[in-house]
Amino acid sequence: MVSLQGIHGRGIKPAVGSFSGWFDLFILLVIFISALKFLDITKMLPIDPTKKVTFQSRISEGDLVIVYERHDHMKAIKVCCGSVFQNRFGVFEHADWIGKPFGSKVLSNKGGFVYLLAPTPELWTLVLSHRTQILYIVDISFVISFLEIVPGCLVLESGTGSGSLTTSLARAVAPSGHVYTFDFHEQRAASAREDFEKTGLSSLITVGVRDIQGEGFPENFCGLVDSVFLDLPQPWLAIPSAGKLLKLDGVLCSFSPCIEQVQRSCESLRTNFTVVVYRCKDI
Ligand SMILES: C[S@@+](CC[C@H](N)C(=O)[O-])C[C@H]1O[C@@H](n2cnc3c(N)ncnc32)[C@H](O)[C@@H]1O
């Protein structure tokens with residue numbers, strides 16, 4: 001993987017990192033700046049120690065659990081007394097799961113077993129329904145680190161896609177921050193909203209339907225935004241708008257699979273920002 005990072009506004013010397021991707025090129029353009037705020041909790045977010053989902057927490061009716069058969073075979077299921085989960089190992093009654101600690105091994109009618117894991121953004125990325133290509137955890141970690149996202153941050157994202165990155169962004173800004181994510185595809189936006197309800201993150205995320213390349217981000221965020229993330233086919237069209245909305249010392253990261261997209265984004269960065277630093281990462 002190759003990533004590029006741009007820094008603006010602090011007189012930092014431009015620098016170029018190594019560049020040697022053999023397969024997919026992922027380029028991250030980041031313009032830096034930061035912010036700091038504080039915490040709260042939802043179902044999926046083990047942040048407040050008093051409300052943390054731990055192995056001591058017991059499974060209740062209505063909880064989302066990750067049913068783990070193998071590392072490459074997992075499924076998210078809402079626990080519902082009276083329902084069953086069926087696989088090649090037999091039939092599992094949800095009623096048997098209620099009251100058990102997360103992490104428990106549970107048995108089927110035939111003596112087969114699965115584990116019931118507490119949902120996390122990392123697991124959600126592995127089980128979500130793929131409506132688009134998504135970011136996986138290695139890239140998500142890189143993005144969140146270089147975007148300098150901490151609790152309390154205000155983050156803008158486009159496109160929402162399958163909400164894989166959005167889920168981790170929400171955990172990073174919780175409990176007092178917020179993620180505004182935009183996609184121009186109405187059905188994708190609606191499905192993402194449903195997923196965020198399911199995972200208990202909807203209070204931290206607002207999904208908007210908007211053509212970000214055509215219209216830019218809504219102007220009411222002007223000067224308030226800590227971080228912007230772009231995963232768009234023509235990110236350079238959204239960079240001027242992002243530049244207006246970012247706080248001084250805000251950060252922008254653009255993720256692209258092709259070097260031509262990166263080159264055009266770099267041109268736009270140079271036009272809209274004063275100092276740009278590139279960082280490259282290979283996988
Ligand atoms: C590759 S997906 C994003 C995946 C996402 N990062 C994830 O991890 O799940 C790109 C998304 O950008 C959206 N998109 C493309 N052009 C757009 C535009 N002009 N404005 C807003 N969204 C756009 C697409 O509909 C698609 O859902």
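Visitor: How many residues does helix α4 have, and what distance does α4 reach from its first C-alpha to its last?
Guide: In this predicted model, helix α4 spans residues 186-198, which makes 13 residues. From first to last C-alpha, α4 reaches 19 Å, close to the 18 Å expected at 1.5 Å a residue.

Visitor: Which residues of α4 are buried?
Guide: They are A192, D195 and F196. Viewed down the axis of α4, the buried residues fall within an arc of 95°, so they line one face of the helix.

Visitor: Which exposed residues are on the face turned away from that buried side?
Guide: That face of α4 carries E186, Q187 and E197.

Visitor: Turning to the sheet, what is the order of its strands?
Guide: The order is β3-β2-β7-β6, in an open sheet of four strands with antiparallel pairing. Strands β3 (73-78) and β6 (105-107) stand at the edges with a single partner strand each, so one side of each has no neighbour in the sheet. From one strand to the next, the twist averages 35°.

Visitor: How many bridges join β2 to β3?
Guide: Six bridges join β2, residues 64-70, to β3, and the two run antiparallel. As for individual partners, V67 has K75 in β3 as its bridge partner.

Visitor: And the ligand: how many residues surround it, and which are the closest?
Guide: The ligand is surrounded by 22 residues, of which the closest are G159, G161, S164, F184 and Q213. The elements giving two or more residues to this shell are α3 (164-173), β9 (178-183) and α5 (212-215).

Visitor: How do the residues of that shell divide into nonpolar, polar and charged?
Guide: Eight are nonpolar, 10 are polar and four are charged.

Key:
Residues are numbered from 1 along each chain as its sequence is written. This is a predicted model: local features need pLDDT of at least 70, side-chain atom pairs count only at pLDDT 80 or more; totals for chains, interfaces and linings use all residues. A residue is near a molecule or strand if its C-beta atom, placed from the backbone, lies within 6 Å of it. Ala, Val, Leu, Ile, Met, Phe, Trp, Tyr, Cys and Pro count as nonpolar, Asp, Glu, Lys and Arg as charged, and the others, Gly among them, as polar. Two strands pair if DSSP finds at least two bridges between them. Axes are lines fitted to C-alpha atoms, for helices over the stretch in contact, and angles run from 0 to 180 degrees between N-to-C directions. The expected span of a helix is 1.5 Å times one less than its number of residues. A residue is buried if 20 or more other C-beta atoms lie within 10 Å of its own, exposed if 12 or fewer, and partly exposed in between; C-beta atoms are placed from the backbone. The arc is that of the directions from the helix axis to the C-beta atoms.
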